[in-house]
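Dear colleague,

I am handing over the structure we spoke about. Please look through it before reading the notes that follow.

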Amino acid sequence: MRYHARAMARILVTNDDGIYSEGLRTLADACRRIDGVEVLVVAPDREQSAASHALTLNRPLRLLKLRESEYIIDGTPADCVNLAILKLMKDDRPDLVVSGINFGPNLGDDVTYSGTISAAFEGALLGIPSIAFSTLVGEGFSFERCGVVAETLIRWALESQRDPHIILNVNFPVAFTGVRVARLGTRIYSEGIIERKDPRGRTYYWIGGGEPTWHPAEGTDFEAVESGFIAITPLHLDLTHHASIPRLKLLEELLGDDAKG
Ligand code: MN
């Protein structure tokens, strides 16, 4: 399969684990193996996991060229995609944004925290089809194996996944034997806040201690990776709960007098 829309397809590669991440290298290498593809890496200069969709608006951003086609930014994953598309690639926008491969899963409810996925959403907001890649980590896991599958998916996406409003969220289990297209799972938020004392006797807190647990539900991304399948979940940015709009119409009248002032 080749991408025919123009001579060279351009892929922007980013992540939230930072420029030194092996997952980023693996993903960039997977893209470079595709004929007729030009790869630009623009990644955060340090880890930005759980940065969500934050844009840096309260301080200047620095863009540093490390070598040909490789840049770092002292900002978030969304900053990287924004600056890459609107500055570095402004005259020749990318055909695809790929983010990852994240060191750790981005499943179910956790997608809203994920810098990896938000980088893909930033691409989508700027009108570029985008894919986020993450892998569970454990004994025997290999970024290389993920990269082989990512390469085939990227080839397909350049040809066939051209709707920028739908991003693909891909999660690799540690060991996998197949692929499932899945919906987001639901997390059980049972773990508490960890509270400790620092050496000066002051209390500090640590969020997100302990292993996450999930509602076991058929057809979810969590179930897929639990069963040894790569999960691919299509996501979109419209968070509207459409079914609630008719039910909430009454608020237009209930609050209408107050709103008139
Ligand atoms: Mn990360």
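Is aspartate 92 buried, partly exposed or exposed? Aspartate 92 is partly exposed, because its relative accessible area is 33%. Please keep in mind that this is a predicted model.

Aspartate 92 forms a salt bridge with arginine 10, and the closest N and O atoms are 4.0 Å apart. Arginine 10 sits in strand β1 and aspartate 92 in the loop between α2 (77–88) and β5, so this pair ties together parts that are 82 residues apart in sequence. Arginine 10 is buried, at a relative accessible area of 13%.

The whole structure holds 15 salt bridges. Among them is the one between aspartate 45 and arginine 46, at 3.1 Å from N to O; arginine 46 is exposed, with a relative accessible area of 52%. Another joins aspartate 257 to lysine 260, with 3.8 Å between the closest N and O atoms. Both residues lie in helix α8 (residues 256–260), three residues apart, or about one turn of the helix, and both are exposed. Elsewhere, shared partners link Arg10, Glu38 and Asp92 into one salt-bridge network.

Now the metal site. The manganese ion has as protein donors Asp16 (OD), Asp17 (OD), Ser49 (OG) and Asn102 (OD1), at 2.1 to 2.3 Å. Along the chain, the donors are spaced as D-D-x31-S-x52-N. Aspartate 17 belongs to the loop between β1 (9–14) and α1 (22–32), and asparagine 102 to strand β5 (residues 96–103), so the two tie together parts 85 residues apart in sequence. Aspartate 17 and asparagine 102 are both buried.

Regards

Terms used:
Residues are numbered from 1 along each chain as its sequence is written. This is a predicted model: local features need pLDDT of at least 70, side-chain atom pairs count only at pLDDT 80 or more; totals for chains, interfaces and linings use all residues. Side-chain values use heavy atoms; hydrogens and water are left out. Donors are N, O and S atoms within 2.8 Å of the metal (3.2 Å for Na, K and Ca); water is not among the atoms, so sites may look incomplete. Helices (H or I, at least four residues) and strands (E, at least two) are DSSP runs, numbered from the N terminus. Buried means under 20% relative accessible area, exposed over 50%, partly exposed in between (1.4 Å probe, protein chains only). A salt bridge is a side-chain nitrogen of Lys or Arg within 4 Å of a carboxyl oxygen of Asp or Glu.
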